[in-house]
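Let me put the model up on the screen, and then we can walk through it together.

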Amino acid sequence: MALHRRTSHSVDFIVTVVFSFLWLVGSSAWAKGLSDVKVATDPKEVLQLMSACKQQSNKCMAVHSPVMSSLNTSVVFGFLNFILWAGNIWFVFKETCWHSSGQRYLSDPMEKHSSSYNQGGYNQESYGSSSGYNQQASLGPSSDEFGQQPSGPTSFTNQI
């Protein structure tokens with residue numbers, strides 16, 4: 001079952017890379033195509049190509065320029081979508097067996113937690129003894145100064 005999950009994560013990674021590449025290629029092609037459309041529909045270019053406008057007796061002029069803002073927006077969103085897919089590559093890669101091949105997997109997730117607790121930090125056998133990482137804390141006046149009985153050692157452990 002674990003092998004099947006790792007294999008499916010590898011397939012997810014490959015699919016994400018392919019889709020990212022397709023978004024890059026598609027957005028670049030659309031940007032080039034839009035550039036060509038802008039050149040082809042430029043009113044000055046269109047007027048030069050019309051034979052009626054070449055005669056001196058006719059006066060030709062553009063009434064308004066074409067509006068390309070929504071097309072420009074579509075190109076920007078295409079590249080933003082590429083960035084989104086490309087950014088997801090890292091997160092999908094972390095789930096593959098390729099990323100975790102250097103790390104040792106434990107069969108039971110609880111086994112990892114229980115083994116880390118028995119390394120000299122918090123376990124019942126060494127709590128009161130001097131082994132482990134136990135330290136006395138002095139963060140202010142001791143409990144004897146206030147007429148209280150000391151309750152036991154304070155332990156700080158830094159385990160990563």
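Let's start with Trp90 and Phe93, which both sit in helix α3, 3 residues apart, or about one turn of the helix. Helices here are DSSP runs of H or I with at least four residues, strands are E runs of at least two, and both are numbered from the N terminus. Before I go on, a word on sources: this is a predicted model, so local features need pLDDT of at least 70 and side-chain atom pairs count only at pLDDT 80 or more, while totals for chains, interfaces and linings use all residues. Residues are numbered from 1 along each chain as its sequence is written, and side-chain values use heavy atoms, with hydrogens and water left out.

Now the rings. How many aromatic pairs does the count come to? The answer is 3, where rings of Phe, Tyr and Trp (its six-membered ring) pair if their centres lie within 6.5 Å, and planes under 30 degrees apart count as stacked, over 60 as edge-to-face and the rest as tilted. One of them joins Phe13 and Phe93: the ring centres are 5.5 Å apart and the planes stand at 55 degrees, so this pair is tilted. That pair links distant parts of the chain, with Phe13 in helix α1 and Phe93 in helix α3 (residues 69-93), 80 residues apart. Trp90 and Phe93 make a tilted pair too, because their planes are at 35 degrees, with 5.9 Å between the ring centres. Together, Phe13, Trp90 and Phe93 form one aromatic cluster.

How open are these three? For the cut-offs, buried means under 20% relative accessible area, exposed means over 50%, and partly exposed is in between, using a 1.4 Å probe and protein chains only. Phe13 has a relative accessible area of 16%, so Phe13 is buried. Phe93 counts as partly exposed because its relative accessibility is 22%, and Trp90, at 44%, is also partly exposed.

Which residues does Phe13 contact, leaving aside neighbours within four places in sequence? They are Ile89, Val92, Phe93, Thr96 and Trp98, where contact means heavy atoms within 4.5 Å.

Not counting residues up to four places away in sequence, Ser20 touches Phe82, Trp85, Ala86 and Ile89.

Next, the annotation. In an unreviewed entry, UniProt records "transmembrane region" for residues 12-31 and 75-93; positions follow the numbering used here, feature names are shortened, and annotations may be inferred rather than shown by experiment. In the model, residues 12-31 are 100% helix and 0% strand, with end C-alpha atoms 28 Å apart. Residues 75-93 are likewise 100% helix and 0% strand, and there the end C-alpha atoms lie 27 Å apart.

On the surface, Val11, Ile14, Val15, Val18, Phe19, Phe21, Leu22, Trp23, Val25 and Trp98 form a nonpolar patch with about 910 Å² of accessible area together. Patches take residues with over 30% relative accessible area and no salt bridge, joining like charges within 9 Å and nonpolar side chains (Val, Leu, Ile, Met, Phe, Trp, Tyr) within 5 Å. Accessible areas come from the Shrake-Rupley method with a 1.4 Å probe, and for residues only the protein chains shown count as cover. Phe21, in helix α1, is exposed, since its relative accessible area is 52%.

And the charged side chains? The count comes to 1 salt bridge, meaning a side-chain nitrogen of Lys or Arg within 4 Å of a carboxyl oxygen of Asp or Glu. Lys32 forms it with Asp36, and the closest N and O atoms are 2.9 Å apart. Both residues lie in helix α1, 4 residues apart, about one turn of the helix. Lys32 is exposed, because its relative accessible area is 52%, whereas Asp36, at 39%, counts as partly exposed.

Stepping back to the whole protein, there are 4 helices and 0 strands. Buried residues make up 12% of its 160 residues. The protein exposes about 12900 Å², with carbon and sulfur atoms supplying 61% of it.
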